[in-house]
Each structure stands twice: as C-alpha cells, then as structure tokens.
Amino acid sequence: MSNLEAQPAEVECRTVAQNSVAQTSSDEKRGRLRAEVLTARDVPLGGPRAMTVHRTVPQRSRSLIGAWCFADHYGPDDVSVTGGMDVPPHPHTGLQTASWLFTGEIEHRDTMGNHAMVRPGELNLMTAGHGIAHTEVSTPDTTVLHGVQLWIALPADAVDTPRDFAHYAPPLVTVGEVTARVFLGELLGSTSPVHTFTPLLGAELHLPAGAEITLDVREDFEHGFLVDSGSVDIVDSTAPTIERTQLGYVGLGASTITLRNRAEGAARIVVLGGAPLNEDIVMWWNFIGRSHDDIVAFREEWMAHSERFGQVQGYTGEIQHLPAPTLPGTRLRARENAPGRAREG
C-alpha cells in the first residue's frame, strides 16, 4: 500500500541510547510490566470516496517497534460505498511491505513481473531494497475489505538488496481456546520460513470472550499488540485496556506477556515484535533512506521514471505513474526513537 497523503509526515527516526530511557516507575519495581497504548490517527486514501485507514505507527511517541516502521489498519470496509482499493504504480525504497488480510482479496503487480493475490491468512512480503514499484487493487468479487498493511525498515547493510517477493500461508496453531497464525518469526511453537533482514515477529491471534493467553517472548524484542476487535488487557501491566484500532506497546526485557480479552465477543490481535533497529532512518512518502538528501534523490529518480524502480505491467488504471508529493520546504526533522523498557534493569 502506498502512503497517499498529499502532505506526508516528515519522519526521521533517530536512535537513542537505551540507557537514556526514562527512570523505572514504582509500578515496575513492584513487578508490573511497563506498557503504553498508542491511539491511531485516521488517514483517507484517495479522493472523496476514499477508504480510511487507522495508522498507529509511526507517530511522535513511537516511530518504530523493532524494524516495524508503518502500521495501517483498515476495514471492515464496504467497497460498494468506498470503491475499494485501487493504488496506481508507486515506488518504495529501503523497506519490506507485509500485506495481511482478514477479509477480501487484493491483486498485486510489481516491477519484478509478479502477479499475485493477497488473501486472508496468507502473507505477501515484498522487498523493495534498492527500489521497486507495485500496484494494489481490490478484486471485483470483493465486497468487504479488511486487514493491515505493514512496513519493515531494512538495516543499512541491506538497503540496496535486490527486489524480492515471498508468499506464505502459515498453519493454524491452537493453544487451548486461542488460535494463531505466525507469518513472520516464531511464536507458540510455530516458525515462519520467510526471510527478514532483522529479527522480527508477526502473528494474528484470536481470543474468545474472556480468554487469556501467556506468550513466551524474546527479552531483546519490543512488542506491539494491534487490536482489530475485542477489548484487550496486557495483564499485570501499567497500560489501560486496549480498544479497537489501538496498539499496546511493551518494551525490552519482558520474557512473558499475558493478554486477556475483556469483551463479550471475540478479540483479534496482530502481534508485532522485533529487536530494536538501532539505526537512524528517514521516512517520507514511500521512501526510506538514511538522510534528507537520500529522499530528495529517490523522489527525483521516481519522477524521472528511473530504472531504479522500473515499470509495472498489466495495471489498467488511468494513472500509470503515481506522482510524488512536493517535498517540504525544510529538511526532515529528527524524532527520537528510544526502545522502551518493560522492567527495571
């Protein structure tokens, strides 16, 4: 998915030494997990019949969760009203895009020649690396569109990696009343074979009303819990209940995290985790670079139809090359990106 904002936010994610994280609270000293809840902002994609997405990452209080740098949550969206998704050829650099649907179907085309469908419970992971362009269009048979679009920042030693595309349908894992699909990394004894360039976790959990599950997690990971449905508590933590479209965050140092669904209906949660990137990145529109000048150069190359990105074949929409927005009049501003601490120490 493209970031279609006419004036995309300027984001320079600057690392901060981990020992600069705020002092441990009295709650932590008593053993409670230190956690926070991020509220999404609504972003319309397109024109007057635009589909609205709920964006929890990036924001000023949290630019990254591990290498996860972008999280858009959309639907359930009646495409007969909104017109669905139709994103013309647009570029990416320095990242991977992870497409994960709950309902509906999206047609993907890219400049590698890939023509694939995004379907519920199946991961499509596209690696932009040095540069790629792609399209996303909801299929004619889709009546309701519902899912998440996620971006992963590539580390400095992989920003020029070749384009790539992977598809994976993870098996359903059952633990008591809870079911899960692990599409990246490892959780609940299930491991995804899909390659990432930094240690990551991505999974979908389903908790019936009143259900609870304790997750064994890596202490060197940050974790985010994006709630699609239900009302979810991070048990024995400082965070309030996480409601729909919100994301609960737990920093480094937790070895177990317990989630409980307080709602009368089922809860669906997207789990995002990873080791801190520990690198400064600049993210603007659909580009990730290491400096303001990188972004300027990427934009110029895209607008010049450079071979860095190539040309998507087979897309039948009117716009065959989505114009980049105008760059801001000032250099991109720095934002601190200190990983949080779940516990003292």
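## Close-up views of a predicted model

View 1. The largest cavity has a volume of about 70 Å³. Its lining includes Thr97, Ser99, Ile106, His108, Val118 and Asn124. Leu125, Met126, His134, Glu136, Gln149 and Phe165 also line the largest cavity. At least two lining residues come from each of strand E7 (95-103), strand E8 (106-110), strand E10 (123-127) and strand E11 (132-138). Which strand gives the most to this lining? E10 does, with three residues.

**View 2. The open sheet from E3 to E13.** Seven strands make up this open sheet, in the order E3-E4-E5-E12-E7-E10-E13. Their pairing is antiparallel. Strand E3 (41-45) and strand E13 (164-168) stand at the edges. Each has a single partner strand, so one side of each is left without a neighbour in the sheet. On average, neighbouring strands of this sheet are turned by 20° against each other, direction ignored. Within the sheet, E4 and E5 pair in the antiparallel sense over four bridges. Histidine 54 stands opposite histidine 73 in E5.

**View 3. The open sheet from E2 to E14.** This open sheet has seven strands, ordered E2-E22-E20-E24-E18-E15-E14, with antiparallel pairing. Its edges are strand E2 (35-38) and strand E14 (173-175). Each edge strand has a single partner strand, so one side of each is left without a neighbour in the sheet. Neighbouring strands here are turned by 25° against each other on average, direction ignored. Strand E20 (residues 222-229) and strand E24 (residues 267-274) run antiparallel and are joined by seven bridges. Leucine 226 has valine 270 in E24 as its bridge partner.

**View 4. Two cis peptide bonds.** Most peptide bonds are trans. Where are the cis bonds shown here? One runs from valine 57 to proline 58, with omega near 5°. Proline 58 lies in the loop between strand E4 (51-57) and strand E5 (68-78). Another runs from glycine 75 to proline 76, with omega near 0°. Proline 76 is placed in strand E5.

View 5. Alanine 67 is found in the loop between E4 and E5. Is alanine 67 buried or exposed? Its relative accessibility is 0%, so alanine 67 counts as buried. Alanine 67 and proline 276 are 209 residues apart in sequence. In space, C-alpha to C-alpha, alanine 67 and proline 276 are 6.4 Å apart.

**View 6. Two residues with positive phi.** Most residues other than glycine have a negative phi. Aspartate 236 has a positive phi, near 55°. Aspartate 236 sits in the loop between strand E21 (232-234) and strand E22 (247-250). With a relative accessible area of 48%, aspartate 236 is partly exposed. Histidine 305 is not a glycine either, yet has a positive phi of about 60°. Histidine 305 is placed in the loop between helix H3 (292-303) and strand E27 (334-336). The relative accessible area of histidine 305 is 47%, so this residue is partly exposed.

View 7. Phenylalanine 287 is buried, with a relative accessible area of 0%. Phenylalanine 309 also counts as buried, at 0% relative accessibility. Which residues form the cluster linked by ring pairs? They are Trp284, Trp285, Phe287, Phe298, Trp302 and Phe309.

**View 8. Arginines over aromatic rings.** The charged end of arginine 62 sits over the ring of tyrosine 249. The distance to the centre of the tyrosine 249 ring is 4.0 Å. Arginine 268 has its charged end over the ring of phenylalanine 102, 4.1 Å from the ring centre.

How values were computed:
Residues numbered from 1 in each chain as written. Predicted model: local features only at pLDDT ≥ 70, side-chain atom pairs only at ≥ 80, totals over all residues. Heavy atoms only, no water. Buried < 20%, exposed > 50% of the residue type's maximum accessible area, 1.4 Å probe, protein only. Pairing = 2+ DSSP bridges. Axes fitted to C-alpha atoms, helices over the stretch in contact; angles between N-to-C directions. Phe/Tyr/Trp six-rings, centres within 6.5 Å; stacked < 30°, edge-to-face > 60°. Lys NZ or Arg CZ within 6 Å of the ring centre and 35° of its normal. 1 Å grid on protein atoms, 1.4 Å probe; cavity = no way out; pocket = protein on both sides within 12 Å on 5 of 7 lines; lining within 4 Å. Points joined across faces, edges and corners; volume = space filled by probe spheres on them.
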